[in-house]
Amino acid sequence: MSLSPAHPVVVGVDGSPSAEAAARAAATEAARRGRPLRLVRVLRWPDRPLTGLPEGLDARAAVRSSATAALARLATRLTAELGADEVGTAVLDGSPVEVLTDQGRTAELLVLGATGTSSSATGELGSVAEAVATTGPCPVLVHRTAPWGARNRGVVAAVDVVADAGPVLEAAAVEAELRGEPLRVVHAWWQLTDETLRPLEWRWDPAAVQQAERAAVDDLVAALRRRHPELAIDAVVVQGRAPHVVAQEADDASLVVLGQHATPFAEATLHSVLHGVAVPVLTVPLAPA
């Protein structure tokens, strides 16, 4: 089944329970945005010859047929929310990271389960999800299913570097409006961690830094409120390590939004948040610093 190329919501599925949950989340996101949904299964054929199979069996065709049938069954389960004409499927060959990244070039949103077939038992972040979320050409939603009975609410926008915050804040505001939930802008600052700066520590005024950081974030939030006057927005600006602060603020949130690699500090924060929070994470591409 094929769809028009009009910026769909694309979800990568691999047969794991996490991927099926991500597909359901992707259907919800597609309905919110009024976009078609595209289910993509990537087949990476082994480099070595396969042994133990019946002579004459076209193993590649058999695997493709099975994957196509599984995708069709999943698509059927998702058409109730979107309609049959709005759900498409594709079985593609290649590296999952490369294929999904390429799919993201024309997508409005790329959705992946946090765990794949190899990491579902441990609950750890899958390697494909991590690679695509940190380098994807479009916003990437790493989906996690909320613990049973959890009623998390609110979108958290993690602002690591204030100068690069524009795309993150705008994306987070749109997500909050789509969900009908409030937005919390979170900025953690930390200085004098480098040994080169230690001799200056006795002259350092943390209160002055807090005031400056707060003023910078308040300016961003004020501009965001002008663009989104109906959205409830508050801001948290604290001294601390960004991954720890964001994880704490995300504890009762429904979504965390943060930028991809703009600086080495942002890269470290992104990896920590992707591995350390129990809620869905949306990563937004940023221009290299």
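**Sheet and helix packing**

The axes of helix 5 (residues 166-179) and helix 6 come within 11 Å and cross at roughly 40°. Helix 6 (residues 206-227) also packs on a sheet, an open one of 10 strands. The model is predicted.

**Helix 5 and helix 6**

- Helix 5 contributes Leu169, Glu170 and Ala173 to the contact.
- Helix 6 meets these residues with Leu220, Leu224 and Arg227.
- By class, this contact has four nonpolar and two charged residues, and no polar ones.

**The sheet**

- The strand order is 3-2-1-4-5-10-9-6-7-8.
- Pairing within the sheet is mixed.
- Strand 3 (87-93) and strand 8 (233-239) are the edge strands, each pairing on one side only.
- On average, neighbouring strands are turned by 20° against each other, with direction ignored.
- Helix 6 touches strand 7 (183-189) and strand 8 of this sheet.
- The direction of helix 6 makes about 160° with that of strand 8.

**Strand 5 and strand 10**

- Strand 5 covers residues 140-143, and strand 10 covers residues 281-284.
- The two strands pair in the antiparallel sense.
- Three bridges join them.
- Valine 140 has threonine 283, in strand 10, as its bridge partner.

**Helix 1 and helix 2**

- Helix 1 passes helix 2 in a right-handed crossing.
- On the helix 1 side, the contact is made by Glu20, Ala23, Arg24, Ala27, Thr28, Ala30 and Ala31.
- On the helix 2 side, Leu74, Arg77, Leu78, Glu81 and Leu82 take part.
- The residues of this contact divide into seven nonpolar, one polar and four charged.

Technical notes: Residues numbered from 1 in each chain as written. Predicted model: local features only at pLDDT ≥ 70, side-chain atom pairs only at ≥ 80, totals over all residues. Heavy atoms only, no water. Pairing = 2+ DSSP bridges. Helix = DSSP H or I, 4+ residues; strand = E, 2+ residues; numbered from the N terminus. Axes fitted to C-alpha atoms, helices over the stretch in contact; angles between N-to-C directions. Contact = heavy atoms within 4.5 Å. Left-handed = near helix turned anticlockwise from the far one by under 90°. Nonpolar A, V, L, I, M, F, W, Y, C, P; charged D, E, K, R; others polar.
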